[in-house]
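Subject: Structure for you to look at, with notes

Dear colleague,

I am handing over the structure we spoke about, and I would be glad if you could look through it alongside the notes in this email.

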Amino acid sequence: MISTKYDSVRKLWSGADDPSALFHENVTIGRAVLYLLNLNPAKICQVSADDGSTRTNGEIYQATLNIALNLQKRGCSKGDVVGFVCRNSHNLTPAFLAAQFLGAPTNAVDVAFSKGISQAAVVGIPDPVFTDLPAAVVVQRNGTSVTEEELLKLVEKSVPDYKKLRGGVYFVDDFPMTPSGKIRKPKVKELAISLYNAKQAHKL
């Protein structure tokens, strides 16, 4: 049983002083949320403002696990950065939780990018200070033109400081793909690191 207490002066309820009473310090936020969702699977978790449709805790829980499994198959693991270029939908919550479940930080990119972008991937560039610098690798749509400066400014306005693309933006002709048509994320990360290192060397 989790202890609670009431502060009559501040009129606030609070939980235990020790946060480790509920979860171990190494548990990802995604795992913690999934645990709580699974306690009451029948309860409504999400209501769409567009059409009024709902999803239960159990549905979000299962969808999150399915997405996490597919992310793992694509090579996503702790320390990777998962980028989102999308509008709000029922699928966004489990996708976000799946990344958190795997210990992968997320980076939201303004949906306006999609007009000039064919494909995009956000990866982490190893860094001794920040651990990982988010970097975007982008394939532009034919006949469109999006600059690195435009992408950096849009991201800067919409994400927390630690999610800003400090690793830079890199434009490529195409992504390395698997025979089944999936992006080879480890190869994209290697490419981003190579381009980042070349950029840093050019500054010297």
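The notes below begin with the whole chain and then take up its parts.

Please keep in mind throughout that this is a predicted model. The chain has 204 residues, of which 31% are buried, and its secondary structure comes to 5 helices and 9 strands. Read from the N terminus, the elements follow the order β-β-α-β-β-α-β-α-β-β-β-α-β-α. Among contacts between residues at least 6 apart in sequence, 60% join residues at least 24 apart. The chain exposes about 12900 Å², and 54% of that area is supplied by carbon and sulfur atoms.

The sheet and its helices

An open sheet is formed by 3 strands in the order S7-S8-S9, with mixed pairing. Its edge strands, each pairing on one side only, are S7 (117-127) and S9 (168-171), and neighbouring strands are turned by 25° against each other on average, if direction is ignored. As a general point, the strands of a sheet pair through backbone hydrogen bonds, either parallel or antiparallel. Here S7 and S8 pair in the antiparallel sense over 10 bridges, with a hairpin of 3 residues joining S7 to S8; within this pairing, Val-122 has Ala-136 of S8 as its bridge partner.

Buried parts

In helix H3 (residues 92-101), 7 of the 10 residues are buried, so the helix is largely enclosed by the rest of the structure. The buried residues are Pro-94, Ala-95, Leu-97, Ala-98, Ala-99, Gln-100 and Phe-101, and what covers them includes H1, strand S4 (54-56), helix H2 (57-73), strand S5 (82-84) and strand S6 (106-108). Just after H3, Gly-103 takes a positive phi of about 80°.

Asn-107, which has its place in strand S6, counts as buried because its relative accessibility is 0%, and the cut-off for buried is under 20%. Leaving out residues up to four places away in sequence, Asn-107 touches a set of residues that includes Val-82, Gly-83 and Phe-84, as well as Val-122, Val-155 and Lys-164.

Salt bridges

The structure holds 6 salt bridges, and Asp-161, Lys-164 and Arg-166 are linked in a network of them. Asp-161 pairs with Lys-164, where the closest N and O atoms are 3.5 Å apart, and also with Arg-166, where the closest N and O atoms are 2.9 Å apart.

Another salt bridge joins Glu-190 to Lys-187, with the closest N and O atoms 4.0 Å apart. Because Glu-190 and Lys-187 are 3 residues apart in helix H5, about one helical turn separates them. In general, an α-helix has 3.6 residues a turn, so residues three or four places apart point the same way. Lys-187 is partly exposed, with a relative accessible area of 45%.

Towards the N terminus

Lys-11 has a positive phi of about 55°, although it is not a glycine, and lies in the loop between strand S1 (5-7) and strand S2 (12-14). With 63% relative accessibility, Lys-11 counts as exposed. Tyr-6, placed in strand S1, counts as partly exposed at 44% relative accessibility; apart from its neighbours within four places in sequence, Tyr-6 is in contact with Lys-11, Leu-12 and Trp-13.

Finally, Tyr-35, Leu-36 and Leu-39 form a nonpolar patch on the surface, with about 300 Å² of accessible area together. Tyr-35 is found in helix H1 (residues 29-39) and counts as partly exposed, at 45% relative accessibility.

With best regards

How values were computed. Residues are numbered from 1 along each chain as its sequence is written. This is a predicted model: local features need pLDDT of at least 70, side-chain atom pairs count only at pLDDT 80 or more; totals for chains, interfaces and linings use all residues. Side-chain values use heavy atoms; hydrogens and water are left out. Two strands pair if DSSP finds at least two bridges between them. Helices (H or I, at least four residues) and strands (E, at least two) are DSSP runs, numbered from the N terminus. Axes are lines fitted to C-alpha atoms, for helices over the stretch in contact, and angles run from 0 to 180 degrees between N-to-C directions. Patches are made of residues with over 30% relative accessible area and no salt bridge: like charges are joined within 9 Å, nonpolar side chains (Val, Leu, Ile, Met, Phe, Trp, Tyr) within 5 Å. Accessible areas come from the Shrake-Rupley method with a 1.4 Å probe; for residues, only the protein chains shown count as cover. A salt bridge is a side-chain nitrogen of Lys or Arg within 4 Å of a carboxyl oxygen of Asp or Glu. Buried means under 20% relative accessible area, exposed over 50%, partly exposed in between (1.4 Å probe, protein chains only). Contact means heavy atoms within 4.5 Å.
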